[in-house]
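Here is a quick briefing to read next to the model. Have the sequence and the 3D view open as you go.

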Amino acid sequence: MSRRYPEYDVQSKRGGPSWNDVTRQIVDARLAIPREPRFLDATQWTILCALCACVVPQPQNRPEVPLAALIDARLLADHGDGYRDARLPPFRQAWRIGLAALDAEALDRHAEGFAGLSRTQQDELLADAQAGDLVHPAWQGMPSRLFFSLRLAHDIAAAYYRHPVAWNEVGFGGPAAPRGYVRLGANHRDAWEPAEARPGAESRARELNRHVR
Amino acid sequence: MSAELYLEALETPRARGGRAPDVFSPTGWVPMREYPLDEPVDFAIVGTGAGGGTLAAKLAEAGFSVVAFDAGAWWRPLSEFASDEEHQQKLFWTDERVCSGDNPLVLGTNNSGKAVGGSTVHYAMVSLRFRPEWFRSRSLLGYGVDWPIDWQDMWHYYREVEQVLGISGPVRYPWGPKRPRYPYRQHELNASALALARACEAQGIDWTSTPLATLSAPRDQAPPCVYRGFCVTGCSTNAKQSVLNTWLPRALKGGAEVRDLAMVGRIETGPDGLASGVHYHRDGSWHFQRARHVVVAGYAIETPRLLLNSACPRYPDGLANSSGLVGKNLMVHSNQAAWGLVDDEIRWYKGPPSLAISEHWNYCDDNKDFFGGYAFMSQGPLPAAWAETQVGNRGLWGQALVDEMEKYNHQVGLKIVGETLPQERNRVSLADERDAYGLPIARVSYSFCDNDLRLINHAMRFLRGGLEGIDAREIWSETEGTAHLMGTARMGDDPRTSVVNADCRSWDIRNLWICDGSVFPTSGGVNPSLTIQAIACRTADRIGDMARRGEL
Ligand SMILES: Cc1cc2nc3c(=O)[nH]c(=O)nc-3n(C[C@H](O)[C@H](O)[C@H](O)COP(=O)(O)OP(=O)(O)OC[C@H]3O[C@@H](n4cnc5c(N)ncnc54)[C@H](O)[C@@H]3O)c2cc1C
Ligand code: SF4
């Protein structure tokens, strides 16, 4: 559950005037994606699952957003960004190389695949990737820094913040057509927006959020 | 993934059999005239965005026969636009492009559209005029090049476009020569815009409510804006006045045909060296449309790509390229921002993203250590876009990212649209890779010059000062970021140093025209769509005049 917006669930508005048919259907489809890999093989999949947990750690007290499945679905559809930095190979290839290279780096450093490392070891390796310090031949010349910022962290973070659970966490009003909003000023909230739990006013926020429709 | 839902418009062309989608209805149609392939039409127009769509309407209304082509789909906003960042990527040009240079551009959802209506289907609606001096920046301000068009001429056409789009704007615009009243009243300011207002007041400069192409009152079949805030993913209410729901309905009424899902791959030239028509891919095969005139309006990457891809023995370096400038002088706007945190709940997802603006540094030249100017605007990024900024520009991931994202509703930001200088090394060329049609894809190389970087530094200092002035905390600068594309087929007075003349007519091939963001000789410090549409209106009037005088 969201810490700042207790009991706010953007999906409680699903049947109301903030969600049109097309939004309902495409969000439903996103929530229903298969949880098993369809593009990546078993080894790549376990590495990806570990990477997702590093880039967006999720709380234990709610069902997990299936980040690896969302990335796998994007790979299956070969949905790149529509452009790429010339130093990176195309979308699928960048992911394939990156997953294999991080695994190779882990084996080199700890004699254990990436998924088998401790979280601290994984985080350290990723920090080195972000700094551009990883140069194992398995990278095939792809700069680890760019893979990290333009593919790995970029794609995982985007997948997460396109999911309704993340909207609850950040207090985003979510889909808003056709109703839109009325109160635009600072500290003004429409009744169908998340209420923030200001210190001392948590139960009030909880109450308001229960009535969001 | 929602791959199959609500994507029918991408699968088979809709505009055929004498009808086209009615954008004002969830499922309806409007009549559309059609033209045969083997009889030349007066104008074949490639692209239906700010340049091509506007020109199609004006030329059709002037009595010319017009067929306009767009590689993208013909959407019906009321039934097909979701409130969703991911799904709405269907509006963008996401065929592969390769980006290089010191500052490789971020394209895709950041930069260009692929739909009937072009990039205006997802633009943020900011509708600004150029500062008059910019049309003679070399002579009056000492940088760039002069435009071959006079500012007063442009101001006449700006007015025309503002009326057509029903721009909502302030009663008094603080900068530049007196301008006529905007047709619609300004929008209410959201908290994000009021933060800009206070930051400007703290710095002692003017600000105003942004002139926007979204309605503040009903108009014909379009309702006023409901402040849902998903503008850059497409407006599902039709409040946004885009080419899709303004110029194109006029084009159809005027007798133009618009072909959706029609990718033009090559412009043909005849033995006389003139353009004879376009080869386009639609419905799984290539077709040829004969035309007396061809207009290229594909925006500043696809336009030079098509001209270069149309090379032939007579024009081995591509069409209209005797100057060697096709693809060169690519310009963007620097798009840096200062961000900060405040105690107030801002909730910047409500309303169009940029409701307030300051053009102070476009009009004031005091103590600048750089050429050019910049505007800055209030912001309202949606969550995934905001997360991408945190990852890409700030390097956050892990718990730090999650914690930062939770501050979403308390964030304020000021973002520039900064002028960049034309440089020949910034260019669009052809890569070895090919797309699904077998056509070489674009390689886009971009690097800021020292002047661009000085402008950015000035802006960052100033904007951070503004945020400090309103007691924002945790202030940080987003130092990367660019927007908009201009300049790869510039207009000018001299065939040796420009690709087209003031009328958007190519110097080399007199029945080949270019009418979109590519023709800008300089970029100015304002968003380009109003200027592109004004140029298109002017071009249409000039074509009408020339036709009457028998000079076409
Ligand atoms: C997210 C976003 C926000 C923006 N916000 C603003 C704003 O607030 N204010 C502003 O002024 N500007 C804004 N812009 C920029 C503005 O939308 C563009 O500058 C403007 O639309 C460009 O006009 P154009 O006619 O040159 O090209 P476009 O409007 O991009 O139209 C080009 C069309 O040509 C088609 N095309 C290209 N090549 C071919 C081919 N070979 N065959 C067939 N069709 C082809 C494309 O599919 C496209 O539909 C924004 C852009 C984006 C991406
Ligand atoms: S805020 Fe207004 S213009 Fe933007 S999408 Fe909503 S209704 Fe359309």
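**After the helix**

Helices here are DSSP runs (H or I, at least four residues), strands are E runs of at least two, and both are numbered from the N terminus.

Two notes on the ground rules. This is a predicted model, so local features need pLDDT of at least 70 and side-chain atom pairs count only at pLDDT 80 or more, while totals for chains, interfaces and linings use all residues. Residues are numbered from 1 along each chain as its sequence is written, chains are lettered from A and ligands numbered from 1 in the order in which they are written, and side-chain values use heavy atoms, with hydrogens and water left out.

**Helix α10 of chain B**

- The helix covers residues 383–394, and its 12 residues should span 16 Å at 1.5 Å a residue; the end C-alpha atoms are 15 Å apart, which agrees. The expected span is 1.5 Å times one less than the number of residues.
- Its buried residues are B:Pro383, B:Ala384, B:Trp386, B:Ala387, B:Thr389, B:Gln390 and B:Val391. Buried means under 20% relative accessible area, exposed over 50%, and partly exposed in between (1.4 Å probe, protein chains only).

**Chain A at a glance**

- Chain A has eight helices and one strand, running α-α-α-β-α-α-α-α-α from the N terminus on.
- Its C-alpha trace spans about 55 × 40 × 30 Å along the principal axes, and buried residues make up 56% of its 213 residues.
- Of the contacts in chain A with a separation of 6 or more, 63% join residues 24 or more positions apart. Contact means heavy atoms within 4.5 Å.
- The domain assignment gives domain 1 (1–18 + 173–213) and domain 2 (29–165), with C-alpha centres 33 Å apart. Such bounds come from an automatic or database domain assignment.

**The nonpolar core**

- The largest nonpolar core has 252 residues, and those with the most contacts inside it are A:Trp95, A:Leu102, A:Phe114, A:Ile156, A:Tyr161, B:Ile267 and B:Phe376. A core is a set of buried Ala, Val, Leu, Ile, Met, Phe, Trp, Tyr and Cys residues joined through side-chain atoms within 4.5 Å.
- Helix α6 of chain A gives the most to this core, with 10 residues.
- The core also draws at least three residues from each of domain 1 and domain 2 of chain A.
- Leaving aside neighbours within four places in sequence, A:Trp95 is in contact with residues including A:Leu48, A:Ile71, A:Phe147 and A:Ile156.

**Where the chains meet**

- At the interface, 68 residues of chain A are in contact with 63 residues of chain B.
- The two chains bury about 5,400 Å² between them, 55% of it on carbon and sulfur atoms. Buried area is the accessible area (1.4 Å probe) that two parts lose on being put together, summed over both.
- A:Tyr83, A:Tyr161 and A:Leu184 supply 14% of the area that chain A buries against chain B, more than any other three residues.

**Salt bridges**

- The whole structure has 54 salt bridges over all chains, and the count between chain A and chain B is 10. A salt bridge is a side-chain nitrogen of Lys or Arg within 4 Å of a carboxyl oxygen of Asp or Glu.
- B:Asp84 and A:Arg30 pair up at 2.5 Å, N to O. This pair crosses between chains, from the loop between α3 (77–80) and β5 (98–100) of chain B to helix α1 (residues 21–31) of chain A.
- Both ends of that pair are buried: B:Asp84 at 1% relative accessibility and A:Arg30 at 3%.
- B:Glu86 and A:Arg162 also meet in a salt bridge, at 3.6 Å, N to O.
- Within chain A, A:Asp190 and A:Arg183 meet at 2.5 Å, N to O. A:Asp190 is buried at 0% relative accessibility, whereas A:Arg183 is partly exposed at 39%.
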